[in-house]
Amino acid sequence: MVGASNHHAKWGYWLARGALAGKSRRAVYLVNGGSTIVHGEKAYPSIASLPEDPELVVLCVPPQQVKGIVIEALARGVRAFLGITAGVPEQRHLGEMIRAAGARIIGPNSLGLYDATTELQLAWGNFSPGSLAIVSQSGQLGSEIAGLGARAGLGVSRFVSIGNQLDVSAAEILEDLVDHEATRTVALYLESFAKGTELVRTLRALTDAGKKTLVLAAGASEASQRLARSHTGSLTSALDVVDAACRSAGAIRVSTPTELVSIAHYLSVAPAPAGRRVAVVSDSGGQGGIAADVAAAEGLLVGVFSPALQADLAAFVPAGAAVSNPVDLAGAGEADLGVYADLSQVLLESDEVDAVVLSGYFGCYGENSPATEASELVVVDRLGELATTSQIPLVVHSMSHESAAVDRMWSHGIPVFGRVESALLAISKAADLAAWPGRHPGVSRSAPKPITRGYWGARSLLADVGIPHPVGRFIADPSDLECAARDLSFPLVLKAGWLDHKSEHGGITLGVLTLEALTAAYGDMVARLGTGEYVVEEQDTRAHVVEVLVGGRRDRDFGPIILVGNGGVEAELHRDVCVELAPVDHATALTMIRRLRCLAVLQGWRGKPATDIDALASIVVSVSGAIAADDRIHEFEVNPVRVAPGGALAVDALIITAEPAKTRGRNP
């Protein structure tokens with residue numbers, strides 16, 4: 001430990017103290033150029049003076065001294081460094097020097113690391129052993145998570161502050177947790193998502209190993225590229241892409257350290273619900289109503305119970321008490337504490353719920369009236385038996401935080417929260433984890449074909465990937481119009497094929513009914529827009545059509561992504577989209593469509609027939625496969641896709657390549 005100190009306010013003090021706590025398992029050498037005794041132990045003036053070659057060197061010295069100490073350590077065969085010091089000059093050169101010697105470094109600018117199973121503590125602060133691993137780009141935020149966890153009774157299995165990631169990356173630290181037996185849940189905080197595809201693979205490996213990962217993201221605006229030319233680029237936020245990456249990996253994103261710890265605490269004792277149906281039982285009508293509102297806001301379903309279930313519940317509460325969901329005890333709890341367990345048992349055995357929430361006063365009886373504590377604990381034990389035998393989670397929102405009943409509920413595997421929103425958020429996020437176990441998308445590569453700019457070139461790609469589109473003709477000069485009118489069926493559509501947003505520039509004319517009208521429209525468009533690639537197509541005249549956008553693009557960090565959403569010229573207005581990492585299969589495409597707000601319109605709104613959602617899903621699959629299979633395609637947007645009861649038809653498309661593409665002349 002280089003930079004060990006006797007001064008309580010210095011990092012070297014805490015690092016040396018933590019290192020010495022594990023000296024029964026390993027040799028610990030303290031290095032201090034000015035002191036011979038540190039923490040009652042002999043201190044050495046330099047690494048060169050140590051009696052043996054160390055395996056790990058902790059660097060906690062002024063920035064200008066780091067390079068010289070690293071050179072000295074490498075000369076003694078050191079192959080592992082932990083860089084605490086921030087502001088180290090010539091960092092890139094330092095990293096190259098370390099790697100060239102076959103060594104590795106965590107940091108610099110790291111808060112340190114801790115491993116409970118090996119009693120290794122090389123970090124500021126104190127840690128309680130537990131099952132939560134914390135990997136954080138911000139050391140202080142990682143410490144906050146550890147502190148919140150300790151106050152909630154949730155200990156740490158491993159803590160790693162990755163710092164500047166000069167060498168060892170977050171993905172490598174996470175990969176080492178796959179086989180770490182003490183770790184059950186992983187908390188990950190990142191400010192950037194460089195090498196996102198590697199990170200997703202590692203998170204998926206954690207999921208496959210049965211470990212849950214909670215991702216706290218900040219500064220994520222750097223994780224996604226903005227593409228001004230297309231809807232696909234402008235409609236997705238950075239966090240949309242991070243969420244898609246988490247779903248693909250079987251992880252979930254959280255918003256705050258408190259939220260992370262609440263969910264991790266829940267996962268440490270309770271199973272994930274199999275669905276989103278929640279029963280709310282409260283000893284206060286007001287608290288039950290608030291719980292139902294919060295549940296709905298979290299995407300949980302507080303559905304009406306069947307008449308038979310309502311009848312079973314009514315047997316335990318006063319006449320007239322609400323039993324449809326939420327259930328109001330209406331004073332039954334004060335009369336008999338056992339009613340909490342009675343109602344919970346009926347609900348857990350009903351097959352109508354995926355989670356049961358008790359909200360209100362339970363947990364406070366013994367705390368506020370000691371004479372009732374024994375009776376309350378008997379009910380807690382009975383609830384514990386129910387929670388143990390049922391695969392359906394039982395969660396409590398209690399007005400007490402520290403009563404004996406609350407402590408015993410946790411010991412029985414019943415999560416207890418002081419805020420109802422924390423309880424319901426934990427259920428919702430746990431349900432997300434169960435619903436998204438992670439995907440392993442495969443990409444089939446085929447021989448690349450030429451990519452041509454403009455709509456006519458995009459039509460070629462539509463044909464190659466099997467996406468239905470209208471019959472059309474390429475127009476190079478006025479003489480082609482007569483052939484188009486002869487070969488195609490009216491009404492026709494004339495398009496300026498090279499324009500990205502045709503409607504905004506007057507580059508499209510709909511409803512052309514005669515050759516004369518087609519000739520006039522073409523002349524007007526050429527006069528306004530100039531010569532170029534024009535396309536004439538048969539107009540889609542089917543009834544009951546819904547316009548949808550399908551687009552794929554290549555994200556800088558996470559690679560190919562696929563988007564489906566409310567389409568047409570008003571796509572930005574609605575901003576109703578769903579994003580996943582590409583490619584996706586048909587089942588995932590259907591799930592994406594079902595998450596859209598416009599689903600009701602696709603399914604038939606106000607008596608209209610349902611559209612062919614399966615056909616739309618097939619187009620989503622095809623576009624996702626195209627963007628994933630060809631690295632040259634930076635973006636592939638199909639908008640609109642006109643979805644009708646009898647199928648889906650792509651009537652416009654745009655390709656943006658990462659490099660200049662060939663320009664196609666007149667189609668032969």
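A16 is buried, because its relative accessible area is 0%. The model described here is predicted. A16 sits in helix α1, which spans residues 11-20. Leaving aside residues up to four places away in sequence, A16 touches M1, A4, L30 and H39. R26 is ten residues from A16 in sequence, and the two C-alpha atoms are 14 Å apart in space.

In soluble globular proteins, nonpolar side chains tend to be buried together.

| Helix pair | Angle | Distance between axes |
|---|---|---|
| α2 (residues 63-75) and α3 (residues 91-100) | about 5 degrees | 11 Å |
| α15 (residues 373-389) and α16 (residues 404-411) | about 15 degrees | 10 Å |

Helices α2 and α3 pack at an angle of about 5 degrees, and they are therefore roughly parallel to each other. On the α2 side the contact is made by V66, K67, V70, I71 and L74, and on the α3 side by H93, L94, M97 and I98. By class, the residues of the contact of α2 with α3 are seven nonpolar, one polar and one charged.

For α15 and α16 the angle is about 15 degrees, so α15 is roughly parallel to α16. The crossing of α15 with α16 is right-handed. Helix α15 contributes E373, E376, L377, V380 and D381 to the contact, while α16 contributes A404, A405, R408 and M409. The contact of α15 with α16 has five nonpolar and four charged residues, and no polar ones.

Most residues other than glycine have a negative phi, and most peptide bonds are trans.

A cis peptide bond joins A582 to P583, with omega about 5 degrees. P583 is in the loop between β25 (577-581) and α22 (586-594). Another cis peptide bond, also with omega about 5 degrees, joins N639 to P640. P640 lies in strand β26 (residues 633-644).

N109, which is not glycine, has a positive phi near 65 degrees. N109 lies in the loop between β6 (104-106) and β7 (112-115), and counts as partly exposed because its relative accessibility is 38%. N325 also has a positive phi, about 110 degrees, without being a glycine. The loop between α11 (307-314) and β15 (327-328) holds N325. With a relative accessibility of 8%, N325 counts as buried.

Note on methods:
Residues are numbered from 1 along each chain as its sequence is written. This is a predicted model: local features need pLDDT of at least 70, side-chain atom pairs count only at pLDDT 80 or more; totals for chains, interfaces and linings use all residues. Side-chain values use heavy atoms; hydrogens and water are left out. Axes are lines fitted to C-alpha atoms, for helices over the stretch in contact, and angles run from 0 to 180 degrees between N-to-C directions. Helices (H or I, at least four residues) and strands (E, at least two) are DSSP runs, numbered from the N terminus. Angles under 35 degrees count as roughly parallel, over 145 as roughly antiparallel, 65 to 115 as roughly perpendicular and the rest as oblique. Contact means heavy atoms within 4.5 Å. Ala, Val, Leu, Ile, Met, Phe, Trp, Tyr, Cys and Pro count as nonpolar, Asp, Glu, Lys and Arg as charged, and the others, Gly among them, as polar. A crossing is left-handed if the near helix is turned anticlockwise from the far one by less than a right angle, and right-handed if clockwise. Buried means under 20% relative accessible area, exposed over 50%, partly exposed in between (1.4 Å probe, protein chains only).
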